[in-house]
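Try each task before you read its solution.

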Amino acid sequence: MNRNLGFTLLEMIVVVAIMAILFLLSIPNVGKVMKSIEDKGCESLTKVVDTAIIEYKLDNDEFPTSIDQLVASGYLTDKQTKCSNGNGIYIDADGHAVSQ
């Protein structure tokens, strides 16, 4: 009768330990990727706000002084005034959108 049909307890412990180490090594990389995604999303949203500023200027012959003007006029929604990382978007003195 052959008794070598399965894994030993020691082999299973080694496999689980290797998987745990690989998982722990990947956690910091996931955090970096998520931060990068949030930053790129904020850059994209800033470009959307810049486009809304230009549209407002074309329609009203003046630049908006705040994001609230763009929201009140229907050029942006409330959700488009904050990035996913929590930074707000503002209009600087030059009339461009910046995130802070």
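Helices (H or I, at least four residues) and strands (E, at least two) are DSSP runs, numbered from the N terminus. This is a predicted model, so local features need pLDDT of at least 70, side-chain atom pairs count only at pLDDT 80 or more, and totals for chains, interfaces and linings use all residues. Residues are numbered from 1 along each chain as its sequence is written, and side-chain values use heavy atoms, with hydrogens and water left out.

**Exercise 1. Find the disulfide and say which parts of the chain it ties together.**

Step 1: A disulfide is a covalent bond between the sulfur atoms of two cysteines. The test here is a pair of cysteine sulfur atoms within 2.5 Å.

Step 2: apply the test. The structure has one disulfide. The partners are C42 and C83, with 1.9 Å between their sulfur atoms.

Step 3: get the handedness. The angle about the S-S bond is 60°, and the C42 and C83 link is right-handed.

Step 4: locate the two ends. C42 sits in helix α1 and C83 in the loop between α2 and β1, so the bond ties together parts that are 41 residues apart in sequence.

Step 5: look at the cover. C42 is buried at a relative accessible area of 5%, and C83 is buried at 6%.

**Exercise 2. Identify the aromatic pair and describe its geometry.**

Step 1: set the rule. Rings of Phe, Tyr and Trp (its six-membered ring) pair if their centres lie within 6.5 Å; planes under 30 degrees apart are stacked, over 60 edge-to-face, and the rest tilted.

Step 2: count. By this rule there is one aromatic pair.

Step 3: read the geometry. The ring centres of Y56 and Y75 are 5.5 Å apart and the planes meet at 70°, so this is an edge-to-face pair.

Step 4: buried or exposed? Y56 is buried, at 6% relative accessibility, whereas Y75 is partly exposed at 21%.

**Exercise 3. Which charged residue sits over the ring of F63?**

Step 1: use the cut-offs. NZ of Lys or CZ of Arg must be within 6 Å of the ring centre and within 35 degrees of the ring normal.

Step 2: name the residue. K57 has its charged end over the F63 ring, 5.5 Å from the centre.

**Exercise 4. Find the salt bridge and explain the spacing of its partners.**

Step 1: define it. You need a side-chain nitrogen of Lys or Arg within 4 Å of a carboxyl oxygen of Asp or Glu.

Step 2: pick it out. There is one salt bridge in the structure. K35 and D39 make it through their side chains, at 3.2 Å from N to O.

Step 3: explain the spacing. K35 and D39 are four residues apart in helix α1, so about one helical turn separates them.

Step 4: K35 is partly exposed at 47%, and so is D39 at 28%.

**Exercise 5. Which residues make the nonpolar surface patch?**

Step 1: set the rule. Patches are made of residues with over 30% relative accessible area and no salt bridge; like charges are joined within 9 Å, nonpolar side chains (Val, Leu, Ile, Met, Phe, Trp, Tyr) within 5 Å. Areas come from the Shrake-Rupley method with a 1.4 Å probe; for residues, only the protein chains shown count as cover.

Step 2: list the members. L10, V14, I18, I21, L22 and L25 make a patch of about 610 Å².

Step 3: zoom in on two of them. I18 is in helix α1 and is partly exposed at 48%. L22 is also found in helix α1, and is exposed at 54%.

Definitions and conventions: Buried < 20%, exposed > 50% of the residue type's maximum accessible area, 1.4 Å probe, protein only.
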